[in-house]
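Have a look at the model first.

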Amino acid sequence: MALFEHTGTTQKVNLDDTEACCCTIETAQTIDGHTEYVLRVQRGPYPENSWRILRRYNDFATLNKCLQISGIDLSFPGKKLIGNMRPDFIAERLNALQEYINQVLMNPILASSLPTKKFIDPDTYSTPFHDLALQYASMSLRTDGVFTLGQSLGPIGWRLRKHYFKVVHKPQGNKHSPGHSTTKHHLIKSSSQSHGKQHTTQVCVTTSTEKDYNSTSRDQSGRDDLILTWTEFGPDRYIDEKEIHTVLKNFGGVQHPYVVPIEHIASNDCGALVIRKFYKHGSLKDVLCSASPCNPFLSKYGSPKGRAPLPLKELALYARQVLEAIRFLHSKGVACGHVHCGNVIVVDGVAKLMDVENFIFGVPSFYRPFFVQHSKINTCEAIDVYGFGHLLYEMCMGYPLQDSYARQITDCPDSLKSLLESILSKEACKSALPTLDQLATHPFFGEYAGQFNEQYAMTIAMQKPHLKFSTSAKEQLKLAVQKTENRVRDEQRSVKNQKRLVRVQEMMTSEEEKKKIKQKAKQAKLRAQNSLQLNNGPPSLGASGSGASGNGGGSGGMAATLHLSSSTGGIVKSSSANSITSPQEGGLMSPPPHAMDSGGSTSPQPPPSAPPIPAPVPSLPAFQSNATAGTAPASTSSTGKLVRSVSGDDTTGGSGGNRSALLDSICNFNKGGLKKIGPGSGK
């Protein structure tokens with residue numbers, strides 16, 4: 001039974017929300033009087049991991065409305081009421097919508113938002129994540145006699161599967177056993193999760209008063225306000241289910257001057273909850289963006305107006321403190337993997353790293369789409385060094401680096417520039433990054449935080465760091481590190497192979513384009529040759545008869561050619577030699593009309609005609625229409641076949657006999673010997 005349960009858990013966490021998606025609008029179709037666009041969405045590097053969805057213009061408009069809270073300027077095409085069904089307008093609208101969705105998916109903040117995920121992958125992201133988190137968090141605290149779940153804080157973080165709630169201490173002094181508090185709860189019906197507004201799902205605590213976390217950080221009893229986070233396990237959770245509870249329990253006792261302490265931690269088969277102290281100033285990213293920590297993620301970081309870099313001394317001090325926290329975790333066999341400004345809290349001039357348990361949860365890193373592009377960043381230490389470089393860059397510039405490496409670093413001292421280039425330059429990402437110990441001895445910290453080592457020694461003497469694991473837990477952590485690194489390497493190989501395949505396809509496409517150009521040149525040359533041959537005069541019945549009958553025979557043959565051409569609906573020749581056209585061949589030379597049977601195949605030319613007729617006989621029509629009464633049709637316009645007349649009036653002498661012989665020779669030729677000649681044969 002445990003095996004099946006484990007398999008079900010593994011299937012649940014397979015999806016990596018940080019994996020990049022691309023969207024291509026393939027075509028548009030009209031259904032029930034409105035236009036629907038066919039979108040092809042691909043997740044990751046492999047084309048087979050793709051699907052198609054139908055979206056209307058109103059769906060795009062709804063997405064754009066949800067993303068407007070970010071303040072990011074997007075080129076969304078306006079609505080049109082008249083003429084919106086014209087093919088040219090639909091084509092123009094398709095290109096505009098393609099440009100719009102490209103802008104959304106290329107922005108990391110917009111691409112990670114729930115409205116965008118629901119738009120491109122409705123089957124996966126229609127799950128009520130917030131309602132499930134509320135249910136799991138309530139069940140986990142049900143048997144706890146200390147904490148009570150409070151109001152939901154809404155989508156204040158970037159993770160779709162991580163949710164934030166207020167939490168308060170249960171009233172003390174009751175005589176009930178743990179899990180049977182007198183505090184009453186009732187659930188309020190929730191609406192769908194949206195990044196445009198905070199959740200309406202909440203648990204109301206009737207015995208306490210709700211307060212705004214932005215105005216105070218203490219509850220009525222004088223205790224610090226607390227915040228609960230519920231996080232679903234991610235694709236990199238490799239610790240055994242039997243050991244994860246022990247590992248998390250040990251993690252709850254972590255003590256370090258530069259690590260945010262954990263008040264309470266618990267887990268079930270789907271995820272884990274963590275309770276920490278709430279800091280009213282928010283994270284370091286909130287400080288850099290001058291944002292309120294309880295505002296929605298899109299509005300805080302989409303287009304902040306108050307960005308400002310840190311002074312160099314503060315930057316060096318905070319970076320050095322975070323670096324020591326990372327080194328401490330690695331010394332205990334634990335990787336962080338989630339170093340960024342959103343996971344750093346600054347309290348009284350001290351920077352502290354939080355969410356250090358994310359490695360145990362197996363959730364993907366914020367910078368994963370970046371470092372999977374560089375095969376040299378393939379260890380947990382290198383990943384933490386890479387995240388530390390992005391942290392330095394954002395503290396220095398005031399805004400994050402929106403690419404996997406920095407093309408040019410300016411407006412900073414040479415020592416800081418050297419430090420940033422050693423981590424974020426293209427050459428560093430292609431070769432090897434410095435180690436954590438090498439970063440600690442970089443000249444930049446000696447120049448701007450020269451007294452840090454002495455201060456750190458005094459600090460750890462007063463507050464001794466502590467994080468202890470059992471032997472089995474250490475083995476589990478070691479195995480988790482290895483599997484995490486293996487998954488990173490596998491994904492990097494996949495990305496590299498896909499890039500190589502794309503380059504090969506581009507080269508093949510170029511060769512195909514060259515072949516197309518050559519083929520077009522050959523066709524143009526062939527058309528020129530055919531045109532020259534047509535101008536010189538195509539072979540005809542008149543030409544065959546001219547050798548035996550002279551000019552008179554030639555004119556008679558041309559008359560027959562003209563008549564047959566009109567009956568078959570094929571080539572028609574006028575007085576001008578250049579007016580020969582062929583609707584079937586599009587400008588290529590066609591066989592002469594007298595040499596075509598019903599199937600369009602060429603036939604051997606008939607024998608030379610009899611001597612020319614001095615004058616036409618009006619009473620003896622050689623070809624009759626289908627409407628002629630009492631006779632069989634002489635020609636059929638739909639098939640082009642010629643049928644001999646069954647009338648007995650052609651038993652005349654002289655010219656009548658010659659005409660009959662001519663008809664016999666035309667009607668009785670051998671059709672079985674026909675051979676089809678293609679337009680490119682030059683014959």
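**A covered strand and its two partners**

Strand 2, residues 34-43, is mostly covered, with 9 of its 10 residues buried (buried is under 20% relative accessible area, exposed is over 50% and partly exposed lies in between, using a 1.4 Å probe and protein chains only). Keep in mind that this is a predicted model, where local features need pLDDT of at least 70, side-chain atom pairs count only at pLDDT 80 or more, and totals for chains, interfaces and linings use all residues. Residues are numbered from 1 along each chain as its sequence is written, and side-chain values use heavy atoms, leaving out hydrogens and water.

**Strand 2 with strand 3**
- Strand 3 (residues 50-56) pairs with strand 2 over 7 bridges, again antiparallel.
- Val-38 has Leu-54 in strand 3 as its bridge partner.
- This hairpin has 6 residues between the strands, and Gly-44 takes a positive phi near 80 degrees.

**Whole protein**
- The secondary structure comes to 22 helices and 12 strands, counted as DSSP runs (H or I, at least four residues, for helices; E, at least two, for strands) and numbered from the N terminus.
- Of the 683 residues, 44% are buried.
- Among contacts (heavy atoms within 4.5 Å) with a separation of 6 or more, 66% link residues 24 or more positions apart.

Methods. Two strands pair if DSSP finds at least two bridges between them.
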